[in-house]
Amino acid sequence: MNKINKHEKNYFEYKSNKSSKFPLVHIVIPNRAPRNVKQSKIPVARGILAFGKVSQGIVSIGLVSHGIISLGLICFGVIAGGPLAIGGLLFGFIALGILSIGNLASGAMAIGNFCFGYSSIGNIATGKYALGNIAQGKVALSMGNNPSITQIKNYLKEMVDYSRESTFASTIYKIFLNILESPIWLIIFILSIILFLLIILTVYRIHSKKNSLSFGGMICVK
């Protein structure tokens, strides 16, 4: 391994394949450089597994990250988790996207303490179809404090009936109802996501073999 001289660069970088622009693993770790040394621009971490201040990858972790699965301070992705998350399936303090879950959630389907969306479920829910402790919308059902599982199921059944004119909203409420009635649906959902990611990884490996890329031991690069 070739160690990077901290007096030359203000970051440490290593890849699983230094000749690839999108290797299996790419990690960029910032460090402090002396004040009298010109600061090097910290590169973006790109790879199947990417970790860095700014990262892009299938699985991406960083202050600013985007990819299929993204975790970080600000993240964009199909599945994103962090204080500020934007994308498809989101988990965060502030979540903006198709299916958003967070303290402040906004999206086509929003779930959280304060949520706004076409369809919403939460403590304070606002949307065309809203279900919550405090609900406001074209169709709004107030569940009250601490509803039982049976009560929640009944409310979800009502929302399925009320939202029949909207295929999206009706389908979402049916999914939640099915999960409550049969938790196996949640397992199926999680397995579907895992299968999707495995397909992406398989396609990447096939493409890599065609281009004669090597996934050898970890190589540190300057």
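Analyst: The count comes to four salt bridges, a salt bridge being a side-chain nitrogen of Lys or Arg within 4 Å of a carboxyl oxygen of Asp or Glu. This is a predicted model, in which local features need pLDDT of at least 70, side-chain atom pairs count only at pLDDT 80 or more, and totals for chains, interfaces and linings use all residues. Residues are numbered from 1 along each chain as its sequence is written, and side-chain values use heavy atoms, with hydrogens and water left out.

Start with Lys128 and Glu165. Their side chains meet in a salt bridge at 3.7 Å, N to O. Lys128 lies in strand 3 and Glu165 in the loop between helix 1 (149-162) and helix 2 (167-181), so the pair ties together parts that are 37 residues apart in sequence. Helices (H or I, at least four residues) and strands (E, at least two) are DSSP runs, numbered from the N terminus. Lys128 is partly exposed at 29% relative accessible area. Glu165 is exposed at 56%. The cut-offs: buried is under 20% relative accessible area, exposed over 50%, partly exposed in between (1.4 Å probe, protein chains only). Lys138 joins Lys128 and Glu165 in a network of salt bridges.

Next, Lys157 pairs with Glu181, with the closest N and O atoms 4.0 Å apart. Lys157 lies in helix 1 and Glu181 in helix 2, so this pair links parts 24 residues apart in sequence. Lys157 is partly exposed at 39%. Glu181 is also partly exposed, at 42%.

Finally, Arg164 and Asp161 form a salt bridge at 2.9 Å, N to O. Arg164 is exposed at 55%, whereas Asp161 is partly exposed at 44%.
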